[in-house]
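Thanks for coming. I will go through one model this morning, starting with its rings and ending with its overall dimensions. Please have a look at it first.

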Amino acid sequence: MSAWPSTLPQFALQAGYQEDFQDQSLRTPTESGAMKVRRRFTARFDVIAINLAMTAAQVATFEEFYYTTKKGGSQPFTWVHPRKQTAVTLKFASKVAVTSIDADLFRVSFKIEVQP
């Protein structure tokens with residue numbers, strides 16, 4: 001499994017960073033009283049919204065990584081969890097958006113899914 005390229009930014013921008021914890025519970029209505037609640041599954045897939053500031057050259061490197069190395073974002077890779085600062089296995093979980101910030105600076109936005 002390949003790792004996040006070292007030539008790309010290693011830290012997400014704080015603006016727009018968001019972690020969504022997956023709901024692992026299943027609720028079943030009863031004839032009367034409170035709903036029954038049980039755990040649906042043990043492995044969870046939390047989703048993290050990432051924004052990175054990149055130069056045009058870094059965007060080209062990212063594009064190569066996404067389309068060629070990761071086969072259009074379909075294969076997992078290793079990187080450091082943005083908040084926990086521990087090595088994790090990730091998969092892309094959304095489309096990638098590239099927007100211009102300045103003449104040679106771009107915001108690359110996407111969501112990643114933390115693999116169990």
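**Aromatic pairs and what surrounds them**

I begin with a count: there are 13 aromatic pairs here, where rings of Phe, Tyr and Trp (its six-membered ring) pair if their centres lie within 6.5 Å, and planes under 30 degrees apart count as stacked, over 60 as edge-to-face and the rest as tilted. One of them is Phe-62 with Tyr-66: the ring centres are 6.1 Å apart and the planes are at 20°, so this pair is stacked.

Before going on, the ground rules. This is a predicted model, in which local features need pLDDT of at least 70, side-chain atom pairs count only at pLDDT 80 or more, and totals for chains, interfaces and linings use all residues. Residues are numbered from 1 along each chain as its sequence is written, and side-chain values use heavy atoms, with hydrogens and water left out.

Phe-62 and Tyr-66 sit four residues apart in helix α1, about one turn of the helix. Helices (H or I, at least four residues) and strands (E, at least two) are DSSP runs, numbered from the N terminus. Both Phe-62 and Tyr-66 are buried, and buried means under 20% relative accessible area, exposed over 50%, partly exposed in between (1.4 Å probe, protein chains only). Ring pairs also link a cluster of Trp-4, Phe-62, Phe-65, Tyr-66, Tyr-67, Phe-77, Trp-79, Phe-92 and Phe-110.

What does Trp-4 touch, leaving out residues up to four places away in sequence? Its contacts (heavy atoms within 4.5 Å) include Pro-9, Leu-52, Phe-62, Phe-77 and Phe-110.

Now the strands around β4. Six of the eight residues in β4 are buried. Strands pair if DSSP finds at least two bridges between them. β4 runs antiparallel to β1 (residues 18-20), with three bridges, and Asp-20 has Val-47 in β4 as its bridge partner. β4 also pairs with β8 in the antiparallel sense, over eight bridges; there, Asn-51 is partnered by Ser-109 in β8.

Lys-71, in the loop between α1 and β5, has a phi near 50°, a positive value in a residue other than glycine. Lys-71 counts as exposed because its relative accessibility is 52%. Gln-85, in the loop between β5 and β6, has a phi near 60°, again positive and not glycine. At 42% relative accessibility, Gln-85 counts as partly exposed.

Last, the whole chain. The elements run β-β-β-β-α-β-β-β-β from the N terminus on. The C-alpha trace spans about 65 × 30 × 25 Å along its principal axes. Of the 116 residues, 27% are buried.
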